[in-house]
Amino acid sequence: MLELRPTCENCNKLLPPDSLEARICSYECTFCASCADGILGNVCPNCGGGFVPRPIRPSKNWKGDNFLGKDPASTTVRHRPVDSEAHARFVARIRSIPPEQR
Ligand SMILES: [Zn+2]
Ligand SMILES: [Zn+2]
């Protein structure tokens, strides 16, 4: 189950469970849309994968107790600001590899 982390790992902006700005990688590293699209260039600084919009967990119990009331969002903040120069080198290294060899 997704943790639904509470903030952007880079800028610490609040990303509540209903945020349309939350972006996650396959490991659920969580960033806001402006960091994901901007400084990160759609490359996760932790794993090198891309981002997708984080799905919104229902706040109402529409079916089978599958909702925020039973499975609340994480409150554990992971604030690890990205070193923009190191990230730019990381992105350049990944992009220098042909897509079929990544
Ligand atoms: Zn951010
Ligand atoms: Zn990642």
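1. Let's start with one pair of residues: Ala22 has Cys32, in strand 2, as its bridge partner. Keep in mind as you look that this is a predicted model.

2. Strand 1 covers residues 22-24, and its pairing with strand 2 is antiparallel, with 3 bridges. If the word "pairing" is new to you: strands of a sheet pair through backbone hydrogen bonds, in either a parallel or an antiparallel way.

3. What pattern does the protein follow along the sequence? Reading along, you get β-β-α-β-α. In total, the secondary structure is 2 helices and 3 strands.

4. Next, the overall dimensions. The C-alpha atoms fill a box of roughly 45 × 30 × 20 Å along the principal axes. The protein has 102 residues, and 35% of them count as buried. Its accessible surface is about 6400 Å², with 54% of that belonging to carbon and sulfur atoms.

5. Have a look at the contacts too. Taking those with a separation of 6 or more, 56% come from residues 24 or more positions apart.

6. Last, the charges. How far apart do the centres of the positive and negative side chains lie? There are 14 positive and 11 negative side chains, and the centres of the two sets are 2 Å apart.

Note on methods
Residues numbered from 1 in each chain as written. Chains lettered and ligands numbered in written order. Predicted model: local features only at pLDDT ≥ 70, side-chain atom pairs only at ≥ 80, totals over all residues. Heavy atoms only, no water. Pairing = 2+ DSSP bridges. Helix = DSSP H or I, 4+ residues; strand = E, 2+ residues; numbered from the N terminus. Buried < 20%, exposed > 50% of the residue type's maximum accessible area, 1.4 Å probe, protein only. Contact = heavy atoms within 4.5 Å. Areas by Shrake-Rupley, 256 points an atom, 1.4 Å probe, with all protein chains shown as cover. Lys, Arg positive; Asp, Glu negative; His and termini not counted. Charge placed at Lys NZ, Arg CZ, Asp CG, Glu CD.
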